[in-house]
Amino acid sequence: MPAKYSHVKKRPAAASKKASGNGASTSTSHTHIHDHDHAHKDRKQPSPHADRNIGHAVSAMAQLERTIARIILIRFEQDIVRLFSTHLYCVALLHLPTFVLRCVTVGGPSWVAANADGDEIKDFFRAAIAMDLRQAGERVATKSVLWTYTALRHFAKSNGVPICQRRGLHSVQLLLHYDALKAHLESLEAQHPPPFAKPPHLGPLSEGIRALEETCETKYGKGADWRLRLREGYNRACNTLWRVASEFDVRGYGLVLREKLTSKWCDCGCSTDHLSEVCEKTVRLEEEESGVRSGKEREWDGRGSGIAGWGTEEEEDMWDVDLDFVAVDPESKPDSVHGDMTVAELMEWRYLRAEREKEQGNIAFKKGDYVEAVERYKHAYRIEPEMPHYQLNLAAAYLKLKNWVEAEKACDLTLGQHVSVKGHWRRAQARKAQGRIEDALKDLRSVLQLQPSNSEALAEIVALCPPEASPLGEPIITSSQVFSSSQASSSSATPTSTPSMLSHWIPTPQSPKPLPFPRDLADSRKLKISSIAITVDIPVDFLSIDDNGVDDNGKTHPPPPTYSDSTVSQTFSYPCWERYMVERISG
């Protein structure tokens, strides 16, 4: 369950018996199935048949809870995809016109169209998307769990299952309908995982193009085909945005809820009941205020998976909304945390703390103190586990220490969130050092699929390919020849063939879509797109919790109860869609 529900305490397994005047005892609390007394005092030995029946009931309840937990998890991932796809649509509509404007101001009206698939633009998009996705858990978990509970509740009502007004839906009431729940889970798993893509129910991005053209008309209004060049650049930038987003795996995000659903959900056997206590009141209030709607409350048939969503244009951009304070257990919330401090603000502080640890790790890495660098990178990852680059840094340090196994594990973690050139390259180095040549070649092939011009990966493939794969008498192929062949194939409409011994490992790059207009000399300019660093005055007391703010299990503790007036200035790189600069470096 997300942190908002963490204050719900487990009810005791059996209520305390209160003696009445006639000696009778009553109990009104919910009782676990596995806590029923099945051995009476006057029975000398328990019945094996009773034990077997009770064991079967406990096993059935555990299967039910695991099924419900899995349903919640998959729908949570689908909600992240849908809501984040909505966010990317808003980015394309609101921020990409400004991005294209800044690039064409420096590089010319067709620079974006000619370079939309280049590493400079894609790396900027990757950094900004990673920063947004790290907030996925906090931004989506609470609503997603509420939506799924509402769907479960609707399913129960349609099957005549009673729902308690105070405690909501009891999981034991769903036991008779386990087969239907299991079938729904199988339908969700069959269409999983959904990709990030433009929501089909949202309209075209004509407003973004119109705003871009109006802004550029003063500068380019007298030139020929400038509108075509701008439109082509904007459309290609939007396509690149969705392609870059597809490199991220939604299953690597929302780790807090994921951990609770996979490792802590079924321990007591009535977790759905705990969830019901929290959600039922909210659902009933919404029903009283607006009635039972036919959209989100009825999404039980699996139609609302991924970007198909619920087909509403009014769906809010969750990444543009300030979150309430739900990340800290109310019972442990310190008085020093001001009421106007939102979760979004706390997440930014968390990121700054993690970046501070990373910078300390970078300093140690440059000094050759790789053991210290490992500890710093580990600490940064514990503070902010949904930023892939901390594990990339950790893998680099482990490679220096020749700890190949741990380096590979770090790469596995980062590739589970984002498929990157560095992740595959460093894992290839770790696997090669372990003698796993074929696995290393697979990673190197992935590097070339992401970046066809990567000469280091080409040279490594040539070096690792077994010599016996070459036919007798065939001249030895050098990496420079392969690189020349790759460049020729990527720049010509009829790609040349890769030598046969390497064709399995070197993918043929796709030819770029031709421009609908002739290229300009300005299109070959080299531009640099970089985030503008921010300087923040951080309270010294806040920084002091770095050593104990996150325990070994990665749990974040609240800030210290008091703050002093002493602060220290820290400068950080903060990739985002608003703060960046475009500068010309050559051409």
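1. A residue is called buried under 20% relative accessible area and exposed over 50%, with partly exposed in between. Please keep in mind that the model is a predicted one.

2. The closest N and O atoms of Arg 126 and Asp 123 are 2.7 Å apart, and the two residues, three apart in helix H4 (residues 119–133), are separated by about one helical turn. The structure holds 33 salt bridges.

3. The side chains of Glu 408 and Arg 436 meet in a salt bridge at 2.7 Å, N to O. Because Glu 408 lies in helix H14 (residues 404–415) and Arg 436 in the loop between helix H15 (421–433) and H16, this pair ties together parts that are 28 residues apart in sequence. Glu 408 is buried at 9% relative accessibility, while Arg 436 is partly exposed at 29%.

4. Asp 443 in helix H16 and Arg 431 in helix H15 tie together parts twelve residues apart in sequence, with an N to O distance of 2.9 Å in their salt bridge. Asp 443 counts as buried at 2%, and Arg 431 likewise counts as buried, at 12%. Both belong to a network of salt bridges that also links Glu 408, Asp 412, Arg 427, Arg 436 and Asp 439.

5. Ile 437 is placed in helix H16 (residues 437–450) and is partly exposed, with a relative accessible area of 29%. Leaving aside residues up to four places away in sequence, Ile 437 touches Lys 432 and Leu 464.

Definitions and conventions
Residues are numbered from 1 along each chain as its sequence is written. This is a predicted model: local features need pLDDT of at least 70, side-chain atom pairs count only at pLDDT 80 or more; totals for chains, interfaces and linings use all residues. Side-chain values use heavy atoms; hydrogens and water are left out. Helices (H or I, at least four residues) and strands (E, at least two) are DSSP runs, numbered from the N terminus. Buried means under 20% relative accessible area, exposed over 50%, partly exposed in between (1.4 Å probe, protein chains only). Contact means heavy atoms within 4.5 Å. A salt bridge is a side-chain nitrogen of Lys or Arg within 4 Å of a carboxyl oxygen of Asp or Glu.
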